[in-house]
Amino acid sequence: MTIRVLIADDQMMVREGFSVLLNAMPDIEVVGEAVNGREAVTKVRELAPDVVLMDIRMPELNGIEATREIVAADGAAKVLVLTTFDLDEYVYQALRAGASGFLLKDASARQLADGVKVVASGEALLAPSVTRRLITEFSKLSEKPHLMPSAHAAHGDLTERETEVLVLIAQGLSNSEIAGRLVVAESTIKTHVSRILVKLGLRDRTQAAVFAYEARLVTPG
């Protein structure tokens, strides 16, 4: 199945460069480009992409607000945030807005393609070495956690095992890695993840990781 991608960036060279790299992949097709956040929101409605590569700092409507609108209006499109720096405060805000992960703009062609495939499959692009630092850094901005608006249920509603799985998600582990750590079947972990998302009213693993840090289930550090 071909993954349909929309690239939203106000720099022409970035859009064209990513288009060339992604279109060279047999299972990825760039179906459109947007020069600002407002155009990105419009083209998501028109083109129904599977993944949106979203720059943050754009005119008219920035990537954070565009991400929020896309996530609210279309549950099918996944947003993969593009950033120049791995500790960009705006990236953290984009994750809270519903982005499924982020990718550095200096990523290789293989990393770019792999990132698109990971997000398209419904997984979160959570690199422990980068995303964990980012979430940790900006969870320190307030002494009190500001739980995500979509998280209507308290983490106390989770079972002990579900809480354990949530903590491991926040640490960047995949389903197979969590299964190995807990010595259970991967299908069992998938079930736990699904129940966690439903109970907390969250969209995906990325929001689950952010929730875990903001609820102080994971100690920053």
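1. Contact here means heavy atoms within 4.5 Å. In helix 7, Arg-161, Glu-162, Val-165, Leu-166 and Ile-169 meet residues of helix 9. On the helix 9 side the partners are Ile-189, His-192, Val-193, Arg-195, Ile-196, Lys-199 and Leu-200. Helix 7 covers residues 160-170 and helix 9 covers residues 186-200. Their axes come within 10 Å and cross at roughly 95 degrees. That makes helix 7 roughly perpendicular to helix 9. As background, an α-helix has 3.6 residues a turn, so residues three or four places apart point the same way.

2. Stay with His-192, which is found in helix 9. Is His-192 buried or exposed? His-192 counts as buried, at 13% relative accessibility. The cut-off for buried is under 20%. Not counting residues up to four places away in sequence, His-192 touches Arg-161, Glu-162 and Val-165.

3. In general, strands of a sheet pair through backbone hydrogen bonds, either parallel or antiparallel.

4. Take strand 1, residues 3-8. Of its 6 residues, 5 are buried, so strand 1 is largely enclosed by the rest of the structure. Strand 1 runs parallel to strand 2 (residues 28-34), and 6 bridges join them. The bridge partner of Arg-4 in strand 2 is Glu-29. From strand 1 the chain crosses through helix 1 (residues 12-23) to strand 2. This β-α-β crossover is right-handed.

5. Strand 1 also pairs with strand 3. The two run parallel, joined by 4 bridges. Leu-6 stands opposite Val-52 in strand 3. Ala-8 stands opposite Met-54 in strand 3. Which residue is the bridge partner of Met-54 in strand 4? The partner is Val-81. Strand 3 and strand 4 (residues 78-83) pair in the parallel sense over 5 bridges.

6. Why is strand 3 described as largely enclosed by the rest of the structure? The reason is that 5 of the 5 residues of strand 3 (residues 51-55) are buried. Both faces are covered. Val-51, Leu-53 and Asp-55 are buried on one side. Val-52 and Met-54 are buried on the other.

7. Ala-94 is worth a look. Ala-94 lies in helix 4 (residues 89-97). Its relative accessible area is 1%, so Ala-94 is buried. Leave aside neighbours within four places in sequence. Ala-94 is then in contact with Ile-64, Thr-67, Val-81 and Ala-99. How far apart are Ala-94 and Ile-64 in sequence and in space? They are 30 residues apart in sequence and 4.9 Å apart in space, C-alpha to C-alpha.

8. Next, helix 10, residues 205-214. Here 10 of the 10 residues are buried, so helix 10 is largely enclosed by the rest of the structure. Among them are Arg-205, Gln-207, Phe-211, Tyr-213 and Glu-214. Arg-216 follows helix 10, and its phi is positive, near 65 degrees.

9. Last, confidence. The chain averages a pLDDT of 81, and 80% of the residues score at least 70. Where in the chain is confidence lowest, and where is it highest? Confidence is lowest in helix 6 (residues 131-139), at a mean of 56. Confidence is highest in strand 1, at 96. Over residues 149-153 the pLDDT is below 50. Beyond near neighbours in sequence, this stretch has 13 contacts in the model. A reading rule applies: where pLDDT is low, the predicted coordinates should not be read in detail.

Terms used. Residues are numbered from 1 along each chain as its sequence is written. This is a predicted model: local features need pLDDT of at least 70, side-chain atom pairs count only at pLDDT 80 or more; totals for chains, interfaces and linings use all residues. Side-chain values use heavy atoms; hydrogens and water are left out. Buried means under 20% relative accessible area, exposed over 50%, partly exposed in between (1.4 Å probe, protein chains only). Two strands pair if DSSP finds at least two bridges between them. pLDDT is the predictor's confidence in each residue, from 0 to 100. A crossover is right-handed if, with the strands pointing away from the viewer, the path from the first strand over the helix to the second runs clockwise. Axes are lines fitted to C-alpha atoms, for helices over the stretch in contact, and angles run from 0 to 180 degrees between N-to-C directions. Angles under 35 degrees count as roughly parallel, over 145 as roughly antiparallel, 65 to 115 as roughly perpendicular and the rest as oblique.
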